[in-house]
Amino acid sequence: MTAMQIFFLITGLVILGSALMVVTTRNLIHAALWLIVTLFGVAVLYAILNASFLAVVQVVVYIGAIAILFIFAVMLTRKEMRDRGPQLNTGWWLNAIIALLTFGGLFWMLQGWNGFSKTAADFPSGYDAVGQLGKALISPDAFVLPFEVASVLLLAALVGSVYLAFNRK
Amino acid sequence: MQNDWLYIGLFFVIGLLIPVSALLASWIVSPKKPNPIKQSTYECGMETVGENWVQFKAQYYIFALVFLVFDVETVFLFPWAVSLGSLSLFAVIEGIIFILILIAGLVYAWRKGMLEWV
Amino acid sequence: MNFWFDPVNFIAHWLTGLFVGWGMADWFASLIIQLVGVFVLISLMMVFDVFLVWVERKVVARFQDRLGPNRVGPFGIFQPFADVIKLIIKEDITPAGADKVVYNLAPILSLMSVLLLWAIVPLAPVIFGVDLNVGALYIVAAGSIGTLSIIMAAWSSNNKYALIGAFRQVAVLVSFEIPMIATMLIPTILAGSMGMNEIVHGQQRVWYVVLAPLAALTFLIAAIAELGRSPFDLNEAESEIVAGFHIEYTGMKFGLFYAGELLHAFTFGGFWAVLFLGGYHFFGLENLGPLVAAVILFAKAMFGYWIIMWVRYTVMRIRIDHMLAFNWKFLTPVAFVLLMLTALMNTLLRNTPNVVYILGMFLTNVLLGWIIVEILRGFSRRERERTEGVASVIAAAHH
């Protein structure tokens, strides 16, 4: 077991545990905070793989913007922060069986995959990941069209939120 | 396994330990005499009036939403900015188009009154 | 290897030899050495933080035409130590109904988010924590942890004034991040990399404050707002909502918030120096040795911190709607237009001789600043016409 695998296992357990806490805790703000732990765990996964740019973007966008948006949304819409209903749906045992069957099927299918024993390849020294990403985002035979379409998508999101928030004007 | 982030992880751990040790020192040394008056909520020295929940203005949410859109935009601009030194004018124009589309969005939100703090 | 020219590596080498001689595995020895390095850096910053309390109090006193602390030790220099001891021995009062775990976690996260920033500051060409190639976004990421700690502190205090203060503060923090990130893109373009070391290295010939003065100014304004300091200090609006999000914090927890805020201000002074004032470069003086370079960087960071303090004790607090309007309707468009212009001029002037490049970039900034001032003058003239009638404008124009 290399150190990277140990780190990955610990991080994976943290992510799964906090994700479980997100859906089971009764207090909504606690759920948002556990979500932040999950998102931070994903950022740690990116860092383990040396994808520095993705790791900081994960923290900046997900934790710094989206999680704060979630917390604002919870505070905006809830007077009572605790969920008083029953924690389990009716017929939960059927859902549990289906989930277990799906997991078993996936597990069986992945057994033949040899990717589990590979480790991440190191970058060649002096490799400028962010620079390469930048070049790819602008070269006409790489990703320039998705780059520009992304800005149109963000514009659509902004216009949509204006419409939703200011319907009456 | 030479990873920059290991150092940052160590920074995280020790950055967590030092405030915790300061708080621990305080907890060991300080007196503990809990008292219902001391622990009541602070409201300029008076008894609290009204319930302990305040209506959250929707405007906060709107600003967070606009911030989210522009945050993602600036994050997209970082790879562009890093590789700009070795690229042609065409690449600069593409980035400028990207920024202009989003400035159009900002102007639209401005004109629709979304950036007012009413 | 020489101690004077490469202190960190010299000590690391000596310690590795020592540990391996004791029979430790190689990787374990390097881990311990990294741990020691991190611990030394953080302890230095915490001790310096205590010194900063003294600096802050003396400077505010002088601005307010009084002396400041001068009893405890020569020039009152032991005053902060007395403050720290006082904070430690105060009773820890947790308000009723507070959420214990989140309440205790918030000040820890607040200080930790500031300490994390010192991992990437290049103190000298060979003294730095880690040369992260995404340094600029890392600063923003650490800032977002601080923003989170404010929400956590306010919500767990079970106090509506804390909540009001925190929401306003977070709205301001979050809004001013946009011009801050946009102006951080400008040294990135000029240096060709996001890493702090490369940005300082790119300022060898000329500092970026000469190439992009408007960007330096915008970054400074956005950074002051990010710090939560006056004139943007809603969360400490002492006459309005007492102490904002940290009303219910006493003793060392409050001390952690306060120390974190001062250190945050100094850190952003440091980042302003690194991004725009040339970092440890000072007309070749930094080649004398890494410790000299570190002293130069600290001096520049103190200069930035002094400007931040100067603004704090001179300008009045701005109202929240003016603050947000200033950000979204002025700073953000200015930052993005500046970004587009800088990118364009950088590419157009890339292959010209040095003097043309420097003059070109500088004049672009001056031109943009002049255009902005003209637009603002037009607005204010129209506003004056609207409120006072045309006669007063003509009278004013005759002066």
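Between chain C and chain B the count of salt bridges is zero, a salt bridge being a side-chain nitrogen of Lys or Arg within 4 Å of a carboxyl oxygen of Asp or Glu. The structure is a predicted model, in which local features need pLDDT of at least 70 and side-chain atom pairs count only at pLDDT 80 or more, whereas totals for chains, interfaces and linings use all residues. Residues are numbered from 1 along each chain as its sequence is written, chains are lettered from A in the order in which they are written, and side-chain values use heavy atoms, with hydrogens and water left out.

The interface of chain C and chain B holds one residue pair in polar contact, both residues at pLDDT 80 or more. A polar contact is a pair of N or O atoms within 3.5 Å; within protein, one must be able to donate a hydrogen and the other to accept it, and residues adjacent in sequence count only if both atoms are side-chain atoms. On the side of chain C that touches chain B, the elements giving two or more residues include helix 2, helix 6 (160-191) and helix 12 (320-348) of chain C; helices are DSSP runs (H or I, at least four residues), numbered from the N terminus. By class, this side has 50 nonpolar, 13 polar and twelve charged residues. Here Ala, Val, Leu, Ile, Met, Phe, Trp, Tyr, Cys and Pro count as nonpolar, Asp, Glu, Lys and Arg as charged, and the others, Gly among them, as polar.

In extent, 75 residues of chain C are in contact with 66 residues of chain B, contact meaning heavy atoms within 4.5 Å. About 6600 Å² is buried between the two chains, and carbon and sulfur atoms give 78% of that area; buried area is the accessible area (1.4 Å probe) that two parts lose on being put together, summed over both. In chain C, the residues losing the most area to chain B are C:Lys160, C:Trp328 and C:Lys329, together 11% of what that side buries.

Chain C itself is divided into domain 1 (1-83) and domain 2 (90-319), with bounds from an automatic or database domain assignment. Their contact takes 19 residues from domain 1 and 28 residues from domain 2. The area buried between these domains is about 2100 Å², 80% of it from carbon and sulfur atoms.

One salt bridge is found across this domain interface. The side chains of C:Arg312 and C:Glu56 meet in a salt bridge at 3.2 Å, N to O. Helix 2 of chain C supplies the largest share of the domain 1 side that touches domain 2, 14 residues.
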